[in-house]
Amino acid sequence: MSISDEERRTFTEFDARTLSAAGEVADPPAEARAWIRLVGAMGRVLYPFECAGSAGSQSCPPRVRGVVETTIELRVRTREIRMAVLGHGEAVRRAFRALDAPADGAWQRRTEVLIALSLAAGQARFLGNRLTFLPSSVSPRQTALTQALGTALADSGRALDTAQGLLREMSGADGEVRAVISGTAACAAVTRAVRLAGCLEEDVRAQAVDASGVDLSRLGPVDPGLLASVIWSRTTVWPACIAPLLRARSNRVADGVYQVRRVYDTRDG
């Protein structure tokens, strides 16, 4: 197994050399800087929609959001979190599959596995940070699910760190790599994280949303499938890009009142 071109683009050549260096020759300050660059790069790849503080207030000005808009954006946010956690799970499995993949030699195998572990660990940390952007107004149950998800991601990151530590301490013999490095703890943490992320999204989507008479014209890009069950009226203002589709997907429930129905397809999920 080889790290894909897409994954390699999250590293500079210097980062790859530093993170794959043997423990006895690694430069700790340089390694720390490489980790910082790795986490930043993973964030830009995984979360381009987040308005980073470095972007400046002019490029993403703060504005007051209404309750309905915040609730819809929370649906979007938790969908993104679940999909990212699923991606993290695959990254963890891919990292440990690298142990059994053919390579030119023990050092090459060690380097590939170390980079894959670094990518997966960076994802875990970034996903944990992502949870801090959830609104403070979430329900107690959603807060508990979020905290549990954060713990599971932290457990995954620590397990990946442990695997990296073992790998750096080893001489690099193929048999030793397979015998010592285990993905059991990381995979168990990821399995739990995937379940919790699914529960969080389902809990958020189960909340009733009444957008009757609300101006949502400034709502950001949203998958119409995430608006299933939302109540709206003739005086609701939707973004022009999704208004026709929502009208086609809605049922009339009262005079001038409609509800978006659930459409089961691959995008709506």
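Helices (H or I, at least four residues) and strands (E, at least two) are DSSP runs, numbered from the N terminus. The model you're looking at is predicted, so local features need pLDDT of at least 70, side-chain atom pairs count only at pLDDT 80 or more, and totals for chains, interfaces and linings use all residues. Residues are numbered from 1 along each chain as its sequence is written, and side-chain values use heavy atoms, with hydrogens and water left out.

**Exercise 1.** Work out how many helices and strands the protein has, and in what order they run.

*Solution.* Start with the totals: nine helices and three strands. Now walk along from the N terminus, and you'll read α-α-α-α-α-α-α-α-β-α-β-β.

**Exercise 2.** Find out which kind of aromatic pair Trp232 and Trp238 form.

*Solution.* First, recall that a ring pair is described by the distance of the centres and the angle of the planes. Rings of Phe, Tyr and Trp (its six-membered ring) pair if their centres lie within 6.5 Å; planes under 30 degrees apart are stacked, over 60 edge-to-face, and the rest tilted. The structure holds two aromatic pairs. For Trp232 and Trp238, the centres are 6.3 Å apart and the planes 80 degrees apart, making the pair edge-to-face.

**Exercise 3.** Decide whether Trp232, Trp238 and Cys187 are buried, partly exposed or exposed.

*Solution.* Buried means under 20% relative accessible area, exposed over 50%, partly exposed in between (1.4 Å probe, protein chains only). Trp232 is buried because its relative accessibility is 6%. Trp238, at 8%, is buried too. Cys187 has 28%, so Cys187 is partly exposed.
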